[in-house]
Amino acid sequence: MNTDSTVPVPPPGCPAHATGEPVPLYGSEFAADPQAYYEYMRHYGPTAPVELAPGVEATLVTDYSAALQLLQNASSFRKDSRRWRDFNDGVISPDSPVLPLLVYRPNCMFSDGAEHMRLRQAVTDSFARVDSHWLSESTERVSNYLIAQFSTRGSADLLNDYAKLLPLFVFNELFGCPAEIGDRVLFGISGIFDGVNAEKANEVLSQAVGELVALKRSRPGDDVTSWLMQHQAALTNEEMAHQLVLLLGAGAEPLRNLISNTLHLLLTDDRYAAGGLIEEAIDTTLWKNPPMANYAPHYPAADMEFAGQKLAAGDLVLVSFAAANTDPVLAASRHASSNRSHLAWSAGPHACPAKDPARLITVAAIENLFNRLPDVELAVPEDSLTWRPGPFNRALAALPARFHPVRAVRQQPDAQQQPGAAARSEQGGAPGRQDRGGLWSSFLSWWKA
């Protein structure tokens with residue numbers, strides 16, 4: 001380690017202080033000021049040793065150029081986590097909280113080569129069939145429903161009452177989930193990412209997705225699930241289930257963070273005039289506060305030297321999108337409002353396949369919120385907001401807001417403009433189950449009222 005006096009001091013509370021130990025990316029201290037940690041880590045060079053959870057060490061790429069080089073080099077860096085040496089050697093505790101987002105699953109995120117191309121093509125082709133006008137209307141419809149639940153109160157938690165639920169509802173509709181299955185999808189995804197009875201939540205989600213696959217095999221509809229099944233990639237039921245868990249889970253969590261982080265910026269920065277310049281606010285958020293701060297796990301295919309650091313085959317290497325985006329050499333790019341060369345969507349063969357739908361949903365969700373609640377403002381001092389701990393996400397714990405109470409207005413959509421609506425109505429829930437009145441069921445009842 002460089003011992004020059006210009007080396008920055010580790011942030012207060014950082015266990016790496018003066019020890020040379022890996023820098024911890026968990027706990028309230030990191031969540032409160034991650035940029036201080038990234039600034040400190042830069043003194044290691046383009047990469048830094050980090051700890052994702054107790055006993056789980058990795059190399060984090062913090063330099064923009066090095067990150068781009070890694071993400072675009074599929075021959076030297078692989079995604080299949082069955083290569084992870086520490087996990088294979090039993091170094092990692094089986095109950096580590098970071099394992100669910102790192103262990104191998106047979107989907108396009110954890111595959112390489114021809115298998116990755118086959119699985120990813122099915123995803124990109126299926127999303128290409130989504131009509132942007134319909135998706136915008138669907139988002140507005142869900143937005144109206146969620147706002148109606150709190151608009152008369154004059155206050156709301158815009159994270160938990162709005163940003164968290166909206167992507168889940170839109171995805172349920174996009175993937176053609178009938179009421180009872182959709183209720184359990186919401187329960188499963190929320191539990192996994194919130195860490196509330198995560199094992200049970202994962203079990204519920206897996207069962208619900210399995211039932212959705214079986215339902216669509218027998219009665220396909222006009223939805224992404226059916227399009228995936230009909231693709232020439234010929235996904236098996238197991239592949240279908242794992243793709244759906246990836247798309248529903250890995251899509252909903254970052255999207256809720258993007259919506260809430262952008263809302264946070266709009267409500268706390270006068271330059272964005274509380275709801276104006278939404279597109280610019282989204283770009284600023286993706287540059288400076290990306291919803292997935294540190295992820296993109298990769299494994300060197302062989303022993304190598306990368307960015308001045310020796311890596312062994314099977315080492316866990318992650319990319320810090322947040323640190324790379326705030327690389328000092330990119331100052332000019334960040335100030336160019338039209339420049340979208342940030343790495344928030346990742347890059348290379350594993351770049352986010354649904355960034356355009358995600359951006360459309362975010363714009364529609366925020367525009368409709370400010371249209372319906374034009375005087376919405378933060379209800380607490382900005383410095384009292386807290387961020388959820390964890391190495392991967394950049395996510396608020398809550399976003400309290402206030403506004404003048406408004407009367408809820410029922411807006412009946414035109415069923416003829418909603419692809420898949422008739423199919424969902426006819427399919428109903430899983431055979432032999434009764435509607436238990438969950439969140440998705442409530443939305444469908446409101447919609448059909």
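1. The Ser138 side chain makes a polar contact with the side chain of Glu173, at 2.8 Å. A polar contact is a pair of N or O atoms within 3.5 Å; within protein, one must be able to donate a hydrogen and the other to accept it, and residues adjacent in sequence count only if both atoms are side-chain atoms.

2. This is a predicted model: local features need pLDDT of at least 70, side-chain atom pairs count only at pLDDT 80 or more, and totals for chains, interfaces and linings use all residues. Numbering starts from 1 along each chain as its sequence is written, and side-chain values use heavy atoms, without hydrogens and water.

3. Ser138 sits in helix H6 (residues 132–150). Helices (H or I, at least four residues) and strands (E, at least two) are DSSP runs, numbered from the N terminus. Ser138 counts as buried because its relative accessibility is 0%. Buried means under 20% relative accessible area, exposed over 50%, partly exposed in between (1.4 Å probe, protein chains only).

4. Which way do the side chains of strand E9 (residues 317–320) point? Val317 and Val319 point one way, Leu318 and Ser320 the other, and all are buried.

5. E9 is joined to strand E3 (residues 56–61) by three bridges, running parallel. Val61 stands opposite Val319. Three bridges also join E9 to strand E6 (residues 294–300), here antiparallel. Asn294 stands opposite Ser320.

6. An open sheet of three strands has the order E5-E11-E10, paired antiparallel. Pairing requires at least two bridges between two strands in DSSP. E5 (155–157) and E10 (377–378) are the edge strands, each pairing on one side only. Ala156 stands opposite Ala401 in E11.
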